[in-house]
Amino acid sequence: MLKAIGSKADLLVDREGKGYYYMVSDLLENELVLKMKEYIHHGDTTCFQHCLNVSYYNYRICRFFSLNARAAARAGLLHDLFLYDWHTHKPEKGERLHGFTHAETALKNAKENFYISELEGDIIEKHMFPLNITAVPRYRETVVIVLVDKYCGLLETVIPRMKRIVTVFHRGESKKRSA
Ligand SMILES: [Fe+2]
Ligand SMILES: [Fe+2]
């Protein structure tokens, strides 16, 4: 089963999901993209799952507004293709922090391994706006990822915490009942 956080659609089975899947299936089967499963991004979410989440919501929103949903989906899947654990990553001497550099690293990796259109390049390179204040979005699809990336980051950190709180609460309740 392949799912985006907060969505019920199975991307391999459901009609809506399949439409998305066909646009990115080559990327989803690529070794380098799958390597992102090795790195945790937010909370318990891997970098791969985060990119899938962003890619799927990018696709849905861009399709709704008749924007380039294919570019949004593909660039979404590659937008954090920096391929290291940012929690333990130490910047080289003179290098800026991960938040400021990883979009450029992801774009470099993406360009070295896939055909990246100008629009897709803009989406990947500028997804960290406004943290990267000079990387101003040029396209509406880039504005979409700026918002979707933050929304997914929030879901990925908040939902697992909420689930943990609910589990602890239920455990407490059942202990009370059996006492
Ligand atoms: Fe990012
Ligand atoms: Fe991201």
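Trainee: Let us begin with a proline: in which loop is the place of Pro130, and about how many degrees is omega for the peptide bond that joins Phe129 and Pro130?

Mentor: Bear in mind throughout that this is a predicted model. Pro130 sits in the loop that runs between α6 and α7. The peptide bond joining Phe129 to Pro130 is cis, and its omega is about 10 degrees.

Trainee: How many helices and strands does the protein have, and in what order do the elements run from the N terminus on?

Mentor: The protein has seven helices together with two strands. Read from the N terminus, the order of the elements is α-α-β-β-α-α-α-α-α.

Trainee: Leaving aside neighbours within four places in sequence, with which residues is Ala106 in contact?

Mentor: Once its neighbours within four places in sequence are left aside, its contacts are Leu78, His79, Asp80, Leu81, Phe82 and Ile124.

Trainee: How are α4 and α6 oriented to each other: roughly parallel, roughly perpendicular or oblique?

Mentor: Two packed helices are described by the angle between their axes and by the distance between those axes. For α4 and α6 the angle is about 40 degrees and the axes lie 9 Å apart, while the crossing is right-handed. Since angles under 35 degrees count as roughly parallel and those from 65 to 115 as roughly perpendicular, α4 and α6 are therefore oblique to each other.

Trainee: By class, how many residues in the contact of α4 with α6 are nonpolar, polar and charged?

Mentor: On the α4 side the contact is made by Ala71, Ala72, Arg74, Ala75 and Leu78, and on the α6 side by Leu119, Glu120, Ile123 and Ile124. Sorted by class, the contact of α4 with α6 has seven nonpolar, no polar and two charged residues.

Trainee: Is Ala71 buried or exposed?

Mentor: Ala71 lies in helix α4, and, leaving aside neighbours within four places in sequence, it is in contact with Ser117, Leu119, Glu120, Ile123 and Glu141. A residue is buried if 20 or more other C-beta atoms lie within 10 Å of its own. Because Ala71 has 24 other C-beta atoms within 10 Å, it counts as buried.

Trainee: Ser66 and Leu83 each lie in a loop; does Ser66 count as buried or exposed, and how does Leu83 count?

Mentor: Ser66, in the loop between α3 and α4, has a positive phi of about 55 degrees although it is not a glycine. Leu83, in the loop between α4 and α5, is likewise not a glycine and has a positive phi of about 60 degrees. With 12 or fewer neighbours a residue is exposed, and between that limit and the 20 needed for burial it is partly exposed. Therefore Ser66, with 7 C-beta neighbours inside 10 Å, counts as exposed, and Leu83, with 16 C-beta neighbours inside 10 Å, counts as partly exposed.

Note on methods
Residues numbered from 1 in each chain as written. Chains lettered and ligands numbered in written order. Predicted model: local features only at pLDDT ≥ 70, side-chain atom pairs only at ≥ 80, totals over all residues. Contact = placed C-beta atoms within 7 Å. Helix = DSSP H or I, 4+ residues; strand = E, 2+ residues; numbered from the N terminus. Axes fitted to C-alpha atoms, helices over the stretch in contact; angles between N-to-C directions. Parallel < 35°, antiparallel > 145°, perpendicular 65-115°, else oblique. Left-handed = near helix turned anticlockwise from the far one by under 90°. Nonpolar A, V, L, I, M, F, W, Y, C, P; charged D, E, K, R; others polar.
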